[in-house]
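The tour goes stop by stop.

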Amino acid sequence: MPPSSPSPFPSPSPSPPPLARLSLKMFLPETRPLRRRAAKAAIILLKNGGSALDAVEIAIKVLEDREITNAGYGSNLAIDGVVECDASIVDHHGRSGGVGAVAQIKNPISLARLSMAASPSSRSSPDESRPETPESEQDFIDPRGPPGMLAQSARSPFINSAQSVVSSPSQSASPDVTDGHGPSAQAPNDIEMSDVGTGRNRAGTNSRLHNRAYDGSSGSDTESTTTLLPSSPKQPPTPNAMSFVSEAALATPLPSTPPEHVQSPSPRATTPLRHVTENPPLPPPLTKRPDHITDTVGAIAIDCYGNIACGASSGGIGMKYRGRIGPAALVGVGAAVVPIDADDKDKTCVASVTSGTGEHMATTMAATVCAERLYHGVQKARGGGFESADDDEAIRSMIEKDFMGHPSVTNSNSAGAIGLLGVKKIRDGVYLYFAHNTDSFALASMHSDESRPVCTMSRNAGNGVVAQGGRAVRYKRRANRGD
């Protein structure tokens, strides 16, 4: 039976595909080959019976392994040069797992899925979750390992916040020095030092003071050891040296100092700089705005069983403070799913992933609101109510009214930037929507009947205008054999 009526969305599929579908989004035009590899890897997995969660995870892992994305290996550095990543993943039931501000993790999206599989809410369906024996811990740790020396750790972005910095041999303590509970053995090359201004040994020879200090990043106590070295004994006062000088020597005047002859400096030589001031060597103006800013990566997938899933991963904003939790780690902010209602004849479900200003997105619950607006087909009206709207109007209104019009955004000093990707699945097909008020937004989509992904770069006209687009895929209907 031929497909249903033509889709009003741009770039419709020439041949309606099966259910398997994948959508990716990220920023930067140079990432087109990377987006293609991520989409192809996920589609191969879906064609071989993989679940939507598997497809989301493998697609984001491909994106995390490259340095040109702000996720995983390419994450932004914190203010002290450390990498802390955020990630979350949601399945078709709305069950989720998320991790925030994790350091020295190769693929945060895999850790997020592992946390979801280990949570009590996800153990009811073992056929849909991970195997009971998860991957080895080595699969999540940076293969390069911890830095070996203090200078190297300052340059390494993957030093763990709970990890003790390994000092160089010249800075490390001698292994023969005990911790104060056994016999002391001072290193032979150590030099005895005295306490300045005390004149006495306050704690005895080679004694140690143990301080218990809480390490805010590790969650455990760390022991700080301070060694008090003995002070040298007091020396008798030395007699005044002036008492041994005769009075005759003091009465003899000192010889006068001859005057110094200072030569005048050489005349100053001036360098003509008129050609520099009149024609400064400025770079030529840019004719095209380059996209050199990466942001959160995300993926939405639908498997052959009709199940939808989504996930997001990010390294957070650059120069952030340690421990900041970004929107990619917050379910409902960076990723959200509205599951199928059992009584819904259309079997509608929606998944969305977002990226942008994290604090504003967390306040407005961006992913959840976007998914809800697409699911119900409504937009915010005057007076706080809602009115019916098509999907394009609903997602545009979400950015303009629910996000940009929110008091936390309008009364903030930071700009409210956001990009949305939503996928709505109904009985007749799948609809992909994207919208953003940022300068650019890149995405790739692919279904099982396509040989290569469809990559798109959307650019904004500026001045806060919302740019949006979408794509529709209609399902093939099988004719009944009895007809």
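**Stop 1: Thr348**

Select Thr348. Its relative accessibility is 9%, so Thr348 counts as buried (under 20% relative accessible area; exposed is over 50%, partly exposed in between, with a 1.4 Å probe and protein chains only). Thr348 sits in the loop between β8 and β9 (349-356). Helices (H or I, at least four residues) and strands (E, at least two) are DSSP runs, numbered from the N terminus.

A word on the model before moving on. It is predicted: local features need pLDDT of at least 70, side-chain atom pairs count only at pLDDT 80 or more, and totals for chains, interfaces and linings use all residues. Residues are numbered from 1 along each chain as its sequence is written, and side-chain values use heavy atoms, with hydrogens and water left out.

Show the contacts of Thr348 (heavy atoms within 4.5 Å). Neighbours within four places in sequence aside, they are Pro339, Ile340, Asp341, Tyr375, Lys424, Lys425 and Ile426.

**Stop 2: the strands around β9**

Select β9. Seven of its eight residues are buried. β8 and β9 run antiparallel and are joined by four bridges; two strands pair if DSSP finds at least two bridges between them. Pick Val337 and you find its bridge partner in β9, Ala351.

Then select β12, residues 418-425. β9 and β12 also run antiparallel, with eight bridges joining them. Cys349 has Lys425 in β12 as its bridge partner.

**Stop 3**

Select residues 297-302, strand β6. How many of its six residues are buried? Six of the six. In a regular strand the side chains alternate between the two faces of the sheet. Color by face here: Val297, Ala299 and Ala301 lie on one side, Gly298, Ile300 and Ile302 on the other, and all are buried.

Six bridges join β6 to β7, and the two run antiparallel. Gly298 is bridged to Ala312 in β7. The two strands form a hairpin with five residues between them. In that turn, Gly306 has a positive phi of about 85°.

**Stop 3**

Met319 is exposed, with a relative accessible area of 54%.

Jump to Gln104, in the loop between β3 (96-102) and α3 (108-118). Its phi is near 60°, again positive in a residue other than glycine. Is Gln104 buried or exposed? Gln104 counts as buried, because its relative accessibility is 7%.

**Stop 4: helix α2**

Select residues 52-64, helix α2. Its 13 residues reach 18 Å from first C-alpha to last, close to the 18 Å expected at 1.5 Å a residue (1.5 Å times one less than the number of residues). Residues buried in α2 include Ala52, Leu53, Val56, Ile60 and Leu63. Two glutamates, Glu57 and Glu64, are buried as well.

**Stop 5: Asp402**

Select Asp402 in helix α9 (residues 391-403). Asp402 is buried, because its relative accessible area is 11%. Which side chain makes a polar contact with the side chain of Asp402? That of Arg373, at 2.8 Å. A polar contact is a pair of N or O atoms within 3.5 Å; within protein, one must be able to donate a hydrogen and the other to accept it, and residues adjacent in sequence count only if both atoms are side-chain atoms. Asp402 touches Thr364, Val369, Arg373, Lys380 and Ser397, leaving out residues up to four places away in sequence.

**Stop 6: the aromatic pair**

The structure holds one aromatic pair. Select Phe434 and Phe441: the ring centres are 5.9 Å apart and the planes at 5°, so the pair is stacked. Rings of Phe, Tyr and Trp (its six-membered ring) pair if their centres lie within 6.5 Å; planes under 30 degrees apart count as stacked, over 60 as edge-to-face and the rest as tilted. Phe434 and Phe441 are both buried.

**Last stop: the whole chain**

Zoom out. The protein chain has ten helices and 16 strands. Of its 483 residues, 41% count as buried.
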